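Morning, everyone. Please have the sequence and the model open while I talk.

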Amino acid sequence: MQAIWKIGDTEIEHYPALAGKREADVVVIGAGITGLTTALQLAEDGSRVIVLEALSVGEGCTGGSTGNLYSPLAKGLSAIRKKWGDDVSRDIVTSRIETIDFIEATIERFAIDCQFHRRPLYRLFTTADEVQAYELDEERKALLEAGLEVEDIEQHVLPFSPLQGLKINDQAQFNPLLYVQGLAKAVSAMGVTILEHSPVRDVDYKQGVVKTDTAAVTARHIVHATHTPKGVDLLQTGMLPSREYGVSAKLNGEAYPEGIFWMLDPFHSLRSYRYAGESYLMVIGEKHKTGEGKYDYYQRLREYLSQHFDVQEFCHQWSAQQYSSADGLPYIGRMHARDNVYVATGFAADGLTWGTLAGRIIADLIHGRDNTWHAHFDARRITPAKSAGGWVKENASVTKHLVQDYLATGKLKEFAELAPGEAKVATLDGEKLAIYRNESGELSVLSAVCPHMKCLVHWNANDTTWDCPCHGSRFDTRGDVIEGPAYHALERRDPPVDS
Ligand SMILES: Cc1cc2nc3c(=O)[nH]c(=O)nc-3n(C[C@H](O)[C@H](O)[C@H](O)COP(=O)(O)OP(=O)(O)OC[C@H]3O[C@@H](n4cnc5c(N)ncnc54)[C@H](O)[C@@H]3O)c2cc1C
């Protein structure tokens, strides 16, 4: 299972793992779009920067995204306008337009071959009832008020028939993985040290030391560009982690739609991608809270494409995680109570642009420069009225998982109960275990207790992973961390010899 963006990344640069002790002005944890943009901005100013990446460049959410760059927000600008008012809504759009222009200029400057194209964005409904007409009307007002030009869609823009919708010109698309790989190459040439396969396991904030299993970096400034901050942080209490899935296909014929298509009933994002003479159509959707998946989401997306297009063959499938903040805006800037530690999170599905803006804001903060946009996104903001709904919902969900999951875990009498391909969280000799038997019959037995905040992990059959429903930490079947706030693996237990 791999994302479509991997096509054509065979000649990429690889970077070594961290060994021994190093020093830097700034250590950036994470080499996604946020971390590498931060590194670029800091390198411009002559800072000594080290980027530590647990996996490889772009392998986090950036390389699993849809590669769309747009000035409004996927959830709708009208929701932000209602919550935050016209001025903030206008600033959001202006800051995002500026950021997309920055990405385009960066691509030109470093000659990054990542298929960047200006494209229109469509918000479309396939039905035309009053509620949807009202929603479109509210969105149209918010977009116009924010200074965007909006067209009403009356003609058919897809082979099937959206009945009403809006079009905004001059948005953009690219291959996000090739973009960050290009950024990595550029910053590396500017003197930034990038280290892959170097998961950070601990940060000593007092001493300013960031530690991996075998090495350490001492730095004056530490940036968590890890999509959600690592370890236990106040911000996580109001953050909703969700998973979303993608499938790509080749079509019979040439009817590949050009643009960003957001189908709103229910939400599916469609776009095409061309590489080396081949065309692909992809659909992204089926969002659900992390750890609470119930269905075969890849199959559902395949059915969606087959229903609406003449599919020749399916080519790729992948999934990725997003974190939504309780008040609808990202958190960018200094961590609570730590002046030299920076975070960037809560990007929802809009983080290619937010992550780039975050890199620029964080670099400005480190260098003591004013930044026009920071005040709106300050990671230390407290917004009880605007966050209350999301905060209460998310914390009720965490409490429910903490209490109910522990009570509801059934007992396992013997490991033989588990058939090949099956997984289960069960109590054995009083301990909560996450047990999986692979298709070859081998058993993996792990503690089911997430090392982040002690919730129990849930099985994710779509991706064969253990996912924590509380704050989104995810683990492979050997227990190793894939993503999320946890620093450490699920503890391993020895399966019985005759299992
Ligand atoms: C399905 C989906 C589609 C999306 N599509 C779009 C889109 O079209 N447009 C858009 O604007 N946004 C989109 N988004 C959101 C966007 O992709 C993300 O918000 C953005 O990529 C986040 O970038 P990042 O650099 O902050 O995080 P990431 O890309 O996740 O990078 C964080 C990095 O930190 C590393 N890391 C984590 N822990 C450690 C550790 N302990 N030590 C060292 N490194 C560590 C990770 O391995 C990872 O590489 C989408 C999201 C999803 C889920």
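One definition to start: two residues are in contact when heavy atoms of theirs lie within 4.5 Å. Keep in mind that this is a predicted model.

Now apply that to one residue. Which residues does His 458 touch, if we skip those up to four places away in sequence? The list is Gly 291, His 401, Asp 405, Thr 465, Trp 466, Asp 467 and Pro 469. His 458 itself sits in strand 21. One of those neighbours also makes a polar pair: the backbone oxygen of Gly 291 is 2.8 Å from a polar side-chain atom of His 458. For a sense of scale, take Ile 33. Ile 33 and His 458 are 425 residues apart in sequence, and their C-alpha atoms are 29 Å apart in space.

Next, the cysteines. How many disulfides does a search of the whole structure find? One. As a reminder, a disulfide is a covalent bond between the sulfur atoms of two cysteines. Here the partners are Cys 455 and Cys 470, with their sulfurs 2.0 Å apart. Cys 455 is in the loop between strand 20 and strand 21, and Cys 470 is in the loop between strand 22 and strand 23, so the bond ties together parts that are 15 residues apart in sequence. The angle about the S-S bond is -95°, and the link is left-handed.

Are these two cysteines buried or exposed? Cys 455 is buried, at 2% relative accessibility. Cys 470 is buried too, at 0%.

The cut-off is 2.5 Å. Cys 450 is buried, at 1% relative accessibility. Cys 315, by contrast, is partly exposed, at 30%.

On to the core. In soluble globular proteins, nonpolar side chains tend to be buried together. In this model, the largest nonpolar core has 80 residues. Those with the most contacts inside it are Leu 36, Ile 92, Phe 174, Tyr 179, Ile 194 and Phe 377. Helix 7, residues 351-366, gives the largest share, nine residues. There is also a second, separate core of 24 residues, and Ala 24, Ile 50, Ala 219 and Val 343 are among them.

Beyond its neighbours within four places in sequence, Ile 194 contacts Tyr 15, Pro 16, Leu 36, Val 51, Val 57, Ala 184, Val 187 and Ser 188. Pick out Val 57 there. Gln 181, in helix 5, touches Val 57 as well, along with Asp 9 and Ile 12, not counting residues up to four places away. Gln 181 counts as buried, at 12% relative accessibility.

- A side-chain N or O atom of Glu 53 is 2.6 Å from a ligand oxygen.
- A backbone N or O atom of Thr 66 is 3.0 Å from a ligand nitrogen.
- A polar backbone atom of Asp 350 is 3.3 Å from a ligand oxygen.

And how much of the ligand does the protein bury? Alone, the ligand exposes 1000 Å², and the protein buries 96% of that.

Technical notes. Residues numbered from 1 in each chain as written. Predicted model: local features only at pLDDT ≥ 70, side-chain atom pairs only at ≥ 80, totals over all residues. Heavy atoms only, no water. Helix = DSSP H or I, 4+ residues; strand = E, 2+ residues; numbered from the N terminus. Buried < 20%, exposed > 50% of the residue type's maximum accessible area, 1.4 Å probe, protein only. Core = buried A, V, L, I, M, F, W, Y, C linked by side-chain atoms within 4.5 Å. Polar contact = N/O pair within 3.5 Å; in protein donor to acceptor, adjacent residues only side chain to side chain. Areas by Shrake-Rupley, 256 points an atom, 1.4 Å probe, with all protein chains shown as cover.
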